[in-house]
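Have the structure open beside you and follow along.

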Amino acid sequence: MSDDQVQSISAADELRARGEEFWRRRLEQFSRLHPPFVSSSVAAAPSRWQSSSWFSPSGLAISPQDRSEYLVAAWLIYLARITGQQEFQLGWKPAWDRLQTGSKLVMASVVPMDVRIELAHDFEEVRKTVAAEVAQLRAHASFARDLIARCPTLRGVVALRARQPWPIGIAITTESCHAADALTTNHKAGHALCGDLLTFEVCALDGSFRWHFDAARLAPKQIDRMTQHLQTLLRGVMADAGQPVGRIDILAADERTYLLEDLNRTAAPYPFELCIHELFEAQVQKAPEAVAVVYEKERLSYGELNARANRLAHHLIELGVKPDQPVAICLERSLAMVVGLLAILKAGGAYLPLDPAYPSARLRQIVGDAEPKLLLCDVAGRTALGAEAVADVTVVDLETATPTWGERPPSNPDPGALGLSSRHLAYVIYTSGSTGIPKGVEMSHGALVNSLAGIGTSKLRTLQFATLNFDVSCQELFICWKDGGVLVLVREETRRHFSDLLEFIEREAIERLFLPFVALNHFAEVWSAQRVQLPSLRELYTAGERLQATPLLRTFFEAHPNARLINQYGSTEISVISEHHLAADPSCWPQMPHVGRPIVNTRVYLLDGHGAPVPFGAVGELYIGGAGVARGYLNRPELTAERFIASPFVEGDRLYRTGDLARYLPDGNLEFLGRNDDQVKIRGYRIEPGEIVARLCEHAWVREAVVLARENDAGDKHLIAYVVCAPEAGSDEGGGGGLAGALRAHLSARLPDYMVPSAFVRLAALPLTVNGKLDRNALPAPADQAYALAAYQSPQGAVETALAQIWAELLGVERIGRNDHFFELGGHSLLAVQMSSRLSQAVGVELPLSTLFARPVLSDLAASIVELLSCSGPQELPSIAAVSRHEPLVLSFAQQRLWFLAQLNEGSTNYHIPLALRLRGMLDRSAWQRSLNRLFARS
C-alpha cells in the first residue's frame, strides 16, 4: 500500500471518528419523502435515466454565486408545497474537496439531508434554515459505509442498504456546467445521482440547475412542469420576499386555467327541474305493466307500485307533511319499505331512514336531532325505537291489514300544488361524525337527479343490497327505475351470508350489483369456493373504499367476461363524484385502479392547505362543486359552514371539502389516495398504513389486510396488522406466532423497522358495518398469538422471570417465554432504554444497551446478566476489572486499527492530539475529589 493510500485511509478514519455520532442519530430518523407525480398504479419497469438541459433562472436580481442558495431553498419549499410534508429527508451528495480520492472507497456516497420547511415563514427565514443545514452537511461530509452494519439500531432498516435510499436527492456541483440543447439519455451523470427517482443538481458557479430522473417513472413532460413551477416560485420571491412561502403562487397562468377550467368542462343538459321520484313516474307512463319490484314471491308492476305509493302519499299530505320536512321510516326489507319511501317523496317530505338493526340508543339520538313529526314503521321498527322514541311522533303502521289510506286516490300528487321543487330535500341520511355525534346530510332532489345523469343507462335487474340509511341505496333504486328495470329485494339473512347471496343472485338472474370494496372482495372469495356461474351479471359497481385489484377479483371477472367492474367515487355529501369503467380484460387492471373523471355538471378541485390549486399531478385535498353538492348538515350550521364553502373559482357555486386526498394522473383521471387523516405518527416517524397494507398483500398467505395504530395501556402507539389469510397459511392451532413471524420477516425485508407492525391479528373475515364498509371499531385487540412468539418455554430462574415480567409490561404481551426475541415482539430502541432502567431497579445491574442488541433473546440476555452478577454482584455501577501489567494487554478494535495504520505509516502524528485545555471559573474541589475517589474505587 502506497503512502498516499495510507494517508487517504487515515484521513477517512479521522473524519469518521468526528462525525459518526452525528450520522448515527440522523440515520436512526430515516424517512422517505413520498415522491410527487408518481402514480401508485405504475407497474415496475427497468430504470431509464435521463438528464435535462441546464437551466438558468431568469429574473433573479442576485449574484450568480448566491443563486445556488436561492435555488436549493426554493426547491425544498416547492417539495413541501406539493407533497404536503414539511419535515422530510432527501439524499445529499457530499463534497469531496477536502478528501483524497481514495476516501470515496470507504465513505458513503449519499447522506441524508434533514429538511424542515415552515410554510408560514418568509423566504429569507427559510433560506437561513436551509443554509444552516447545508453548513452542517458540509462540516460532517459523510460516514463510513460500514456504519449501518456496525450500529445495532440501523441494521434493521433495510432501505439503508440501498445505494440511494432516498427517492429524491440534491447535489451541488462546482464543476463547469455546459448547457445541452435537449433531454438526453446520460450515462456520465451517474456521479451526481443521489435520488432513486430524481436528483436536482445545482451549479454553484453560475446558479444554473438541471434534473436527473428515471424516465420509466417520471415523464419528461413533468420535468418541464417542475422547471416552470420552480421559476414561477422564484419570480414570486423576487416580487414580494416578505410573503409566507406557503402562499407564493407556483402555477403559471396556462396551467391554472387547465386545472380550474379545462379539466372541469363537464357541463351537460339534465332534467334539473325534476324531483327524483318523477323519474320513476316517467317510467310508469311508458310501461305501467312492466315489473318494478320483486320480493320473494311478491311482485308489483310500475303501475301497481305507483298507485300504492300515491294513496299513502295523499294520506301523509293530510297528516301535514310539507316540503323539506323529515319523515322517519323504520322498516325491515319488504315491499312496504319501497312503497313508504316513494310515498314520502311524492308527499313532498324528506325521508329519514332508520335501520331497525341499529342499537336503540343510536336511533333515539337521530330522532332526537331530526325531530320528525311522522314515522312510517312496522313491528320491527317500532320495537327497535322503543316506546319513548315514538311517544311524540305520529306513527303510520305500514303492516296494518286495513290501511286507512286504502281509499285515497291513486293519482300522482301535484308537486306544484304542494310547493315542491327540485331544490327541496329528498332525504336526510345520518353518518358518523368525528366527534362521535352523528350528522344528518341534507340532499336535494336536483342533486340526486344530476348524480344519475349519464350513468347506468341500461334496463337491468338490480339487487337492492344497501340499507336505506346508506346513500348508495337511493342510487340502487332510481338507477334501476329511471330506465324501467326490475328492483329485486333480498332478505336480511340472505344479504348477510354471502354463500346464500351468491345463490340468490344466480337464481334471480341479477344483472346489476352494488358492493363496497371489502364486501366485493369477500363476495369474490366465496364465489371462488363455490364456483357458481352468474351468466346474467353485467354491471358491478363498487364505492365507499379504495378499490384494490386483488387476485380474487381478477379471477372472478375472468370467469365472467360479460360483467364490467365500475369503480365509483363519492360521499354522502355529494353521492356520485366520478366513475371509471375498468377494462374488460382483468389482466390489464392496475393494482390500485383510479376513479375516473367527474360526472356531468360536477367540478373537482385539488387544493393545498391554503385553498390554492396544487400543480397537475401533485397531491391535494379534494373539493367538489357543481350540481350534486348537498345542502349541508341538518341543525349543524357551524359544521355546514366549515365543510361547505363558497367557491372562489365559480361565482355562485358551493364547494364541499371532502377531507380526501387525490391527484391527477397524466391522462386526466383522478387517483384517490385515501383520507388526509389516515397518516399516523409513531416515535416521530410519519407512516402511511396503506403502504404497509400493499406490502402485506404481496405475501402469498394474505388475502386482505388492514393496518392501524392502537394505544396500549401505557399510552404508547403501536402498529397492528389485521389479516385475512389464504388456505396456504394453515391454522392457528398450537398458539404459536408462526404467521406473525412469517409476515414480520416478509415486511422486515421490504420496509423500515418502524413500519413493521408489532402484532398480526388473524381474522376469518374483516368485520363489516351493515352498509358493507370496514367496521374499525370491531377489530379486536391483539392476543398473544398475534406476536412473533417463539415456541413457548417458561422462564427459568429469578433473572429470566424478572426479565419476562418487564418485557410483558413494556411490550403488552401477556406471556413471554425464554426463547422470545425482544425486537420481534415489537421492541425498539426507546423501549430498550426503558427496559434497561427497569432492569437496574429489579436485579441491581446496569445493562449496556449494546448487550440487548447483541443478545435480544430472553434466555441469552438473562445469561449475560447472570454472568455480570456473578462477577461483580448487584451494584449501581459495574466494576472496572483489574488486568495484569506483566503480560501483553488485549487491544480494542479501535486500538488494533490505530496500530495497523501506525505500521503502514511509521512516524505519523495524525493521531497525536497536542492539546492543553484550561477551564475557567469556580472549582468545586470536594465534588472533584468525590468523583476521583469513586473512579479509583472501581479500578
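**Ground rules**

I take axes as lines fitted to C-alpha atoms, for helices over the stretch in contact, with angles from 0 to 180 degrees between N-to-C directions. Contact means heavy atoms within 4.5 Å. Helices (H or I, at least four residues) and strands (E, at least two) are DSSP runs, numbered from the N terminus.

I am working on a predicted model, where local features need pLDDT of at least 70, side-chain atom pairs count only at pLDDT 80 or more, and totals for chains, interfaces and linings use all residues. Residues are numbered from 1 along each chain as its sequence is written, and side-chain values use heavy atoms, with hydrogens and water left out.

**Entry: confidence**

I checked pLDDT, the predictor's confidence in each residue, from 0 to 100. The chain averages 85, and 86% of its residues reach 70 or more. I marked residues 179–188, where pLDDT is below 50; beyond near neighbours in sequence, this stretch has 19 contacts in the model.

**Entry: a three-strand sheet**

I looked up an open sheet with the order S31-S32-S33 and mixed pairing; two strands pair if DSSP finds at least two bridges between them. Strand S31 (702–711) and strand S33 (759–763) each have a single partner strand, so one side of each has no neighbour in the sheet. From one strand to the next, the twist averages 25°.

S31 pairs with strand S32 (residues 717–725) in the antiparallel sense, over nine bridges. Across that pairing I found Arg710 opposite His718 in S32. Helix H23 (residues 738–748) lies across S31, S32 and S33, and runs at about 125° to S33.

**Entry: one face of H22**

Which residues of helix H22 (residues 689–696) are buried? I noted Pro689, Ile692, Val693 and Leu696; buried means under 20% relative accessible area, exposed over 50%, and partly exposed in between (1.4 Å probe, protein chains only). Seen down the axis of H22, these buried residues fall within an arc of 100°, so they line one face of the helix. The arc is that of the directions from the helix axis to the C-beta atoms. As a reminder to myself, an α-helix has 3.6 residues a turn, so residues three or four places apart point the same way.

**Entry: positive phi**

I looked up Glu296, which has a positive phi of about 55° although it is not a glycine. Glu296 sits in the loop between strand S8 (291–295) and strand S9 (298–301). Its relative accessibility is 44%, so I file Glu296 as partly exposed.

Ser575 has a positive phi too, near 60°. Ser575 belongs to strand S21 (residues 575–581), and at 9% relative accessibility it counts as buried.

**Entry: Asn567**

I found Asn567 in strand S20 (residues 564–571), buried at 2% relative accessibility. Leaving aside neighbours within four places in sequence, its contacts include Thr542, Leu547, Ser578 and Pro593. The side chain of Asn567 also reaches the backbone oxygen of His594 at 3.0 Å.

**Entry: Ser864**

Is Ser864 buried or exposed? Ser864 has 11% relative accessibility, so it counts as buried; it lies in helix H27 (residues 858–872). Setting aside neighbours within four places in sequence, I see Ser864 in contact with Thr851 and Arg855.

Notes:
Polar contact = N/O pair within 3.5 Å; in protein donor to acceptor, adjacent residues only side chain to side chain.
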